[in-house]
Amino acid sequence: MAADAGVIETGPPIRRARLRLSGFFWRRPWLRAVGLLALPLAVFLVVYVGSLGVLFISSLWTSNSFTSTIEHTWTFANYRTIFSRAGPYLHIAGFTLEMAAVVTLTCAVLAFPLAFFMARLAGKRTRALFFVMVLLPLWSSYLVRLYAWQTILAHNGAINWALNGLGLPDQNLAYTNIAMWIVYTYVWLPFMVLPIYAALERIPDSYLEASADLGARGWRTFRSVILPLALPGVVAGSIFTFALTLGDYITPALIGGTNSDMIGTIVYQNFSTNLPFAAAFAVIPMAIMGAYLLIARRLGAFEAL
Amino acid sequence: MTGRGTRISLAVWSVLVIAFLWIPLAIIALYAFNGSTIQGWPITSWTTHWFSVAWHDPDVRGAFELSVKVGAITTVIALVLGTMAAAAVARYRFFGREAVSFLLVLPLALPGIITAMALVSFFNFAGIQASIWTIVIGHATFCVVVVYNNVVARLRRSSASLIEASQDLGADGWQTFRFVLWPVLSTALVAGGLLAFALSFDEVIVTTFTAGAQQTLPIFILDNIRQGQQLPVINVVAFAVIVITAIPVALAQRVMRDTGVIRRGSAQVTEAVEAAEIAAV
Amino acid sequence: MRRIPKRSRVTVVAVAAVTAALALVASGCGGGGGGGGGSTSASSGTTTTIGKGEGSLNVIEWPYYTYKSFAGPFEKQTGCIIHRKDAGTSQEMFALMHANGGGGGGQYDLVSASGDASLRLIDAGDVQPIDINQIPSWKEFLPVFKSPPHNTVDGKHYGVSVQWGPNTLIYNTQNVSPAPTGWDAIYGSKYKGKLTVPNNAIQIADAALYLMQTKPSLGIKDPYELTKDQLTAATQLLISQKPLLKRYWNYAADEIASFKNGDVSMGAGWPYQTLQLQGDKQPVKEIVPLPTTGWADTWMLAAKAPHPNCAMKWMQYVTTPKVEAQQAIVFGETPVNPLACPYMNKIQKGSCAAYHLNEPASYYNKIKFWKTPVPQCGWTTKQTCMDYNAWVQAWAQVTG
């Protein structure tokens with residue numbers, strides 16, 4: 001590395017030191033990786049993953065019924081209660097899963113054409129405007145948006161007012177699972193639009209030109225070129241919509257009805273007084289999302305987040 | 001490629017979806033002027049009284065300030081840690097590389113209440129009392145991955161030879177970062193930072209668990225919803241936040257569009273333009 | 001290329017490192033308020049003298065329990081600046097007090113616990129008894145709140161009662177006719193799909209209270225002390241009620257919106273909701289079918305309170321008639337101090353009667369105030385009663 005030596009030997013001492021340091025790291029790429037990764041990973045592993053592990057372990061313990069202190073007696077009792085057919089918990093988990101899946105599907109259907117329009121058809125100004133209009137709702141409070149929806153869906157609310165104005169009968173939308181579906185789709189929609197938009201935006205024009213040159217018409221190009229390239233974006237967006245629905249307890253409380261208990265509701269009800277049970281129930285969404293992430297990674301979604 | 005009919009229907013669909021996104025926001029703006037503390041439809045009496053209440057309420061200001069503070073600190077932490085992790089993963093092969101992406105996305109992918117429970121148990125165990133820092137830690141766990149993903153994607157699309165070239169030209173680590181990496185990464189950092197700030201600013205579930213006697217804006221709103229005597233104030237606050245953030249978001253979008261990669265065109269053209277940008281510095 | 005001179009670069013790094021280190025140390029030394037001096041009485045178990053205020057007071061409260069409109073003068077008088085952690089459920093309050101080694105973790109001084117959590121706090125050792133004679137207004141309290149079983153154990157007062165509320169039956173006068181006369185109105189199918197009850201496991205006690213009168217064969221003596229069979233019966237009643245309901249309400253303001261928006265016509269609630277709706281010119285009325293359940297809040301002193309003097313001063317202050325009235329109107333509840341009545345009427349005409357503060361003693365004796373369900377039945381030693389965790393499971397069965 002004679003050329004290196006020549007460069008390093010010239011210049012003021014601090015610069016020489018810096019160059020030497022840079023050279024040292026350059027020749028040992030793994031050291032740089034470690035150096036870069038050490039801090040974030042250490043924080044993460046210790047704080048987050050570690051406490052998740054502790055949470056999982058505590059699901060195998062019990063809680064003293066009066067003082068709520070966790071007693072370190074190993075037992076599967078919590079899991080037995082959850083998976084018992086007589087209990088409501090399996091049904092609640094199933095309902096939550098169903099809701100998450102339906103919301104994800106609806107979001108994808110609504111978001112894809114919009115993202116496609118923004119990424120490939122809109123003019124510069126329109127694209128900028130739409131981008132801002134999709135991003136801004138994320139800044140308005142989730143809770144306040146829920147309240148706005150209460151007003152819209154209520155018995156004397158905006159929807160029925162409009163329907164009545166058109167001579168149509170009242171719809172019973174408030175405090176139903178349909179209402180939750182609508183509201184969830186609404187609040188998570190920007191999270192689905194953005195990754196799809198990013199994925200579609202990255203497709204170079206030359207791909208589409210090549211596809212046309214090879215004789216594919218619009219729909220064929222869409223199906224064989226655009227859709228596969230956009231899929232990672234869709235899956236990435238679905239991680240958001242799925243995960244956010246799976247753990248939410250606020251929308252069931254404000255928008256839901258009498259059959260709207262979700263996993264988050266039960267965990268929230270139990271975590272102060274019966275942490276082991278709450279932890280046990282929380283293992284279900286953890287397992288579901290773990291599996292979901294593995295599938296998503298295979299579909300390339302991690303590059304598209 | 002796309003026929004005129006398809007173009008028009010896509011445009012209509014897009015407008016409808018955007019309208020769907022904004023109608024509730026319009027309702028929020030309307031109800032900021034509601035004369036009643038109960039949010040019923042339609043509004044029967046109008047007032048600007050709540051704007052004055054919100055303006056003079058020290059709780060509103062305090063909560064807003066705290067949210068901005070927490071968001072800013074969280075975003076900085078996310079930017080630093082996310083970039084570091086992304087640089088390591090994008091450029092080097094090492095054992096456990098795949099696991100890093102998986103681990104980092106966990107806080108975002110796992111429901112907030114699980115993250116909250118895990119963190120609270122950890123804080124109790126370590127004897128850390130609730131404070132602004134516990135809130136920040138809570139937010140940082142899921143904000144890091146947002147920056148990380150943007151930077152990783154950006155690094156994957158740019159060539160590693162850029163750094164080599166820079167070193168060959170005699171730049172040390174700091175200079176390489178300042179003159180080569182930064183222009184390449186800036187849009188990814190802006191995009192990631194913006195989303196990270198937004199996530200932190202509106203976060204309520206993890207914050208209720210990890211905060212002590214601190215009130216961020218979402219907590220303030222939640223308290224108001226529980227209490228209900230000043231309900232229109234939350235509409236005022238939300239409306240004000242939308243108006244205030246419209247400008248930075250629009251500016252940020254500008255930044256990302258202007259200094260970013262030219263998006264259409266082949267990958268090679270992309271690289272060539274980047275090389276030209278850097279050479280011009 | 002302009003380089004920053006070496007010395008100032010080093011300085012910048014050093015300053016940054018020191019700042020970061022200080023920040024870490026500061027955060028580790030506890031948030032939410034200054035460290036306390038004058039904690040001499042905290043460890044002795046009974047506070048005998050109220051010394052000088054420590055300058056700070058950290059509370060866990062229901063939102064607005066230390067609202068500045070009536071807490072401001074206190075802060076000025078005593079110099080005790082209040083820092084608040086708002087809780088959404090009694091269980092949250094318990095968890096906060098029990099964390100970090102319990103007793104408030106050395107961070108919190110006071111908690112405004114409702115009856116469904118207070119006994120649990122006492123039993124877990126998270127709160128300490130106080131000398132009730134230090135609170136002069138206590139002598140003026142309604143007798144039922146002086147030493148209620150949910151905050152007084154073995155003659156020791158673990159705090160002072162502050163406010164309460166009955167569970168009432170609210171109904172829309174236009175949609176519900178004739179007017180209801182008792183709790184049976186929400187167990188019958190006449191207004192199916194238009195009813196609402198609170199989303200709270202303690203609601204099981206309301207069902208148990210109803211069964212006490214309609215099915216005496218079950219042998220329920222105390223709606224908060226239920227055997228397994230009694231709990232099952234109450235749960236069954238609630239499950240059969242579910243199809244009649246439009247929703248379970250979580251927040252008072254939420255129930256108010258449901259009434260105004262025409263989604264519900266009748267339901268269990270509190271005088272607060274009725275007054276708010278009537279203030280908004282909605283056609284609602286309420287009845288209080290006795291016996292009924294009720295909730296009562298106690299300001300409890302944390303076992304490891306860092307600012308016990310400020311805490312005691314607050315307890316003295318908030319139980320005086322004028323402040324009781326102010327808090328009652330702000331939050332929407334009823335004072336424990338009947339001398340607050342004229343002050344209430346001054347702030348809001350007719351509020352004293354609307355909040356049922358001017359009733360005879362026999363009235364209050366018919367209200368069964370919230371009590372944490374515990375395994376020890378008070379009325380029999382031959383059976384075990386179901387604990388709170390069992391109630392939560394049962395409630396999940398109802399709402400799930």
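Visitor: How much area do chain C and chain A bury between them, and what share of it is on carbon and sulfur atoms?

Guide: The size of an interface is often given as the accessible area lost when the parts come together. In this predicted model, chain C and chain A bury about 3,400 Å² between them, with 50% of that area on carbon and sulfur atoms. The contact draws 42 residues from chain C and 41 residues from chain A.

Visitor: How many salt bridges and how many residue pairs in polar contact are counted between chain C and chain A?

Guide: Between chain C and chain A the count of salt bridges is zero, whereas 17 residue pairs are in polar contact, both residues of each pair being at pLDDT 80 or more.

Visitor: Which elements of chain C supply at least two residues each to the side that touches chain A?

Guide: On that side of chain C, at least two residues each come from α3 (90-98), α4 (115-123), β10 (245-249), α8 (252-260) and α15 (388-399). The most is given by α15(C), with eight residues. By class, the side of chain C that touches chain A divides into 15 nonpolar, 14 polar and 13 charged residues.

Visitor: Turning to chain A itself, at what angle do the axes of helix α6 and helix α9 cross, and which residues meet there?

Guide: The axes of α6 (residues 124-135) and α9 (residues 177-201) of chain A cross at roughly 145° and come within 9 Å. From α6(A), the residues A:Arg127, A:Phe131, A:Val134 and A:Leu135 meet A:Pro190, A:Val193, A:Leu194 and A:Tyr197 of α9(A). This contact of α6(A) with α9(A) has seven nonpolar residues, one charged residue and no polar ones.

Note on methods: Residues are numbered from 1 along each chain as its sequence is written. Chains are lettered from A and ligands numbered from 1 in the order in which they are written. This is a predicted model: local features need pLDDT of at least 70, side-chain atom pairs count only at pLDDT 80 or more; totals for chains, interfaces and linings use all residues. Side-chain values use heavy atoms; hydrogens and water are left out. Contact means heavy atoms within 4.5 Å. Buried area is the accessible area (1.4 Å probe) that two parts lose on being put together, summed over both. A salt bridge is a side-chain nitrogen of Lys or Arg within 4 Å of a carboxyl oxygen of Asp or Glu. A polar contact is a pair of N or O atoms within 3.5 Å; within protein, one must be able to donate a hydrogen and the other to accept it, and residues adjacent in sequence count only if both atoms are side-chain atoms. Helices (H or I, at least four residues) and strands (E, at least two) are DSSP runs, numbered from the N terminus. Ala, Val, Leu, Ile, Met, Phe, Trp, Tyr, Cys and Pro count as nonpolar, Asp, Glu, Lys and Arg as charged, and the others, Gly among them, as polar. Axes are lines fitted to C-alpha atoms, for helices over the stretch in contact, and angles run from 0 to 180 degrees between N-to-C directions.
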